[in-house]
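Dear colleague,

Please find below the structure that I am handing over to you. My notes on it follow directly after.

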Amino acid sequence: MKIYASLQNVLSFNFVLVATLPFIVFGYIVLQILSTSMEKEIAEKNLMLAKALTGEVERFLAEPLNLLELLEKTLDKNGLIHGDQINSYLNSVIKNYRFFNRIEVLDQKGIVRHIAPYNEDYLGIDMSGQPFFRVVSELRKPSWSTTFISMQTDQPTLTLANPLNTGMIVGYLNLAVLNSIIDRVKIGSQGYAAITDQEGIAIAHRNKSFVAQRLNLKSLNVVREGLSGKEGTYRYYFKGIEEIGSVSFVPQTGWLVIVAQPYKEAFVPIKRIKDIIWIGIWLAILFAIVIALASLKKTLKPLKKLTENAQRIAAGDYNLTPHPKSYREIDELTNDFQIMIEAVKTREEALRESEEKYRSMMESMKAAVYICSPDFRVEYMNPAMIKRMGRDATGEICHKAIHDLDEQCPWCVHAKIQQGESVETEILSPKDKRYYNVSHSPIFHQNDSISKMTIYRDRTESKQVEEERNRLATAIEHAAESVIIASRPGTIQYVNPSFERLSGYTQEEIVGQNFRILKSDKHDESFYKEMWDIIAKGNVWAGRITNRMKGGTLRDFETRISPVRDSSGEIINFVSVNRDVTQEIALEAQLRQAQKLQSIGTLAGGIAHDFNNILYPIIGYTEMAIDDVPADSLTRRNLLEVLKATKRARDLVQQILTFSRQSELELKPLKFQSIVKEALKLLRASIPSTITISQNINNACGAIRGDQTQIHQIAMNLCTNAYQSMEETGGKLELSLDEIAIGTDEAIDEVSLQPGRYSKLTVSDTGHGMEPAVMEKIFDPYFTTKEPGKGTGLGLSVVHGIVNTHNGHISASSEPGKGTKFNVYLPLFGSADIEAETVSPETLATGDEHILLVDDEKQIVDVVRQMLERLGYQITVRTSSIEALEAFRASPAKFDLVITDLTMPNMTGDKLSGELMNIRSDIPVILCTGFSEKMSKERAEALGIKDFLMKPVIINALAQTVRKILDES
């Protein structure tokens, strides 16, 4: 229902608006002018104050600078003050000029030679690493440092350095006096001044804790602008309070002087003026309202009487009381009102007769009907609607009465009915949750108003059946699983889009075909017979099945076939729901492989440390024994074989660690083709003449980035496996190396390598080949098809680990009787133009320094001690890290180098290294270990350890490392 504005209110409002608008506009303009003027005045005043404080700071800084220049002239004059009197002289300066905490005199090398107040502990300290020393030495002019909190005074401090002929003089300036400068500033009750250094850190502030905490104020725009060289006044928020602050720049040191005041306090006068203006405006409005009400009361009195008469007509009372004479326009309105009353009486009679006719018609209808007024009120309900509702809701709001809704129905067509249209809709009533077909028709009244007649027809049952059918069809069409519906003989009648996508067949191609079109060779006839026997008896068959797709490819499915019965219970169809599990089966196989690799990795880490500790003394004693026997003796040859065997054992541990990805790689650019050729050269002598070798190596193939020893293992292991499969029958070993571009030149189904260029090594043979069951296990550790004594089962697993560690991929294919082929993909690093490394004969590096040797294994300590003593070094041995720490603490200058094991009881080698460097920071340390998951060369360097060696270490490597570290230190 539309609500019209009151004439009295409109006239009153307009009168008040005209009377007060000039006051409001004038007050606003005055307020803006005063605000702008005062803000400018405050900004200028605060900026002048900031610059005045800057002048005081500059004067404060000039005095110590003048003093140091005076001291420079005094100390540089030969004979004026003797060296043994300088400390006393400086002490007298400190007493007379208290702005210096300390004064130091440095020689040309930056060594403290004199100090006041005198403190013997500071004499001889090297200050050459300080920034001010480098600046003053190079520029030969005074230098101010950045500020810092002095450990002696807990106050902000900075150093002022001035050059001397034979060095420089440095004064430590106490900045506490800055607080006395800013404390004299009074700006209102809450204003304050502050000083920051050139990095925005507070060095003087009303809140002294800010200075102690070295609070950085760079987040404030007043500080940021000042640091960028812009002096001025800015508004900002600090600690949740809006402030207005002015900033000035101290040129000598780059400091900022800030004068700040809370914005509200600064603009209190403007607020008072604003309050006065608003009080005047409200008084004017109140005065205008009083005048408006008084003048309008007499004018509107006749209209109120006319309103009373209209209300009586609406209630059916046509006997009006006479209305007093008033203005001409109002009298004419009253006469027209009387004419209208007579017309209303006549029309009411005709309407009453028409109403009786359609009421009797409505009450005889079986459909539920109600009539709604233009303002949404129920005017009439027939008996069928009353029965449906359970009550007569005439006079109530329609959406509340019919559907129990607090707001207009979402499907409401009331607006269209008011335009004279007839509408049909279908709704779900929120009241009884039933579906209705609803017809809406307009009823035109003589007063041009339009009511709405609505007829309800219930169609809930038919709607539910239709929706259920649509829902089922939609679910099947959008299902991720493929769905097949077939007749009882097995003829396909329907397939969903998912089946088309997976199989490659379209609806037109597959409908009418028999289920046999999907049959694969993976199952025998008994499998299919058992399946059809189950579903033919009306039972559900569920299981995993392999089907052949349109292109001949095979896919695995989790399938459930269910019978469909008619109303008599007869089976008329079968429904097959199939979930594609091809990828899941592949992932399960990969998971099993990963778990096997993880188990050998755990084993490798467990045995590596102890096994390397066992090998260490064997290799060490053997190397020393070889040097002690004649070069052409049988004993020397035997010892060389022992050394060769122990190095093979060491390499076997390295292979296991490589396989489990727990070894450190030495990655560098390599020419893959050179390594492959070298491997073929080594193998050619041991390959029987019944086996021919064919190679196709692209010499222009780009470089890879890898560990040379491990890449060599890849070629050796693959070629060895190939020729061993042909030892008895003979055959052909083919080897090729070339570049490929993944994503453009070649598609690799079994691997998802990143797009890019790769080197591809292919090794194939014409040997006996492998069954699929064997192929699944070829990369398993300790799995071998060779006879006992001919293989450990680690070769291919190590190759697999090396390839994965180098971010590559290895794949294999084989058929019984047709041979085997391996493809290895390694990412290219650059061009093939890599210079070959030259190896020069090594000589054992010697020395005479004193080395502290620490290891809890007595055998290792003994062999390393002998090795180092042979090289000329003095050795102190400790088998306990605690005892080693005590020995070093007792005489830290005695030792030139420390060699320590990592894994020791009570204190590990890295912890011991840290304690040693706390005692003497420049002591070089070499850390050794047989195996560690937590320690690497990079981590050792981060701890300050000079080198990191893996046990067992041969004497050449030990000699080179020790000499290198000692020379560098």
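**Findings**

An open sheet is built from five strands in the order β13-β12-β16-β15-β14, with antiparallel pairing. Strands here are DSSP runs of E of at least two residues, helices are runs of H or I of at least four residues, and both are numbered from the N terminus; two strands pair if DSSP finds at least two bridges between them. The model is a predicted one, in which local features need pLDDT of at least 70 and side-chain atom pairs count only at pLDDT 80 or more, while totals for chains, interfaces and linings use all residues. Residues are numbered from 1 along each chain as its sequence is written, and side-chain values use heavy atoms, with hydrogens and water left out.

At the edges of the sheet are β13 (378-381) and β14 (423-428), each of which pairs on one side only. From one strand to the next, the twist averages 25°. Within the sheet, β12 (residues 368-372) and β16 (residues 450-458) are joined in the antiparallel sense over five bridges. Tyrosine 370 stands opposite threonine 454 in β16.

On the cysteines, a search of the whole structure returns zero disulfides (pairs of cysteine sulfur atoms within 2.5 Å). Cysteine 372 is in no disulfide, and the nearest cysteine sulfur, belonging to cysteine 398, is 3.6 Å away. Cysteine 372 counts as buried because its relative accessibility is 0%; buried means under 20% relative accessible area, exposed over 50%, and partly exposed in between (1.4 Å probe, protein chains only). Cysteine 701, at 1% relative accessibility, also counts as buried.

Two helices deserve a separate note. The axes of α24 (residues 881-890) and α25 (residues 909-919) come within 10 Å and cross at roughly 10°. Axes are lines fitted to C-alpha atoms, for helices over the stretch in contact, and angles run from 0 to 180 degrees between N-to-C directions. The crossing therefore makes α24 roughly parallel to α25, a label for angles under 35 degrees, whereas over 145 is roughly antiparallel, 65 to 115 roughly perpendicular and the rest oblique. Ser881, Ala884, Leu885, Phe888 and Arg889 of α24 make the contact (heavy atoms within 4.5 Å) with Leu912, Glu915, Leu916 and Ile919 of α25.

Finally, asparagine 91 lies in helix α2 (residues 86-96) and, at 24% relative accessibility, counts as partly exposed. Leaving aside residues up to four places away in sequence, asparagine 91 touches Ala116, Pro117 and Tyr118.

Kind regards
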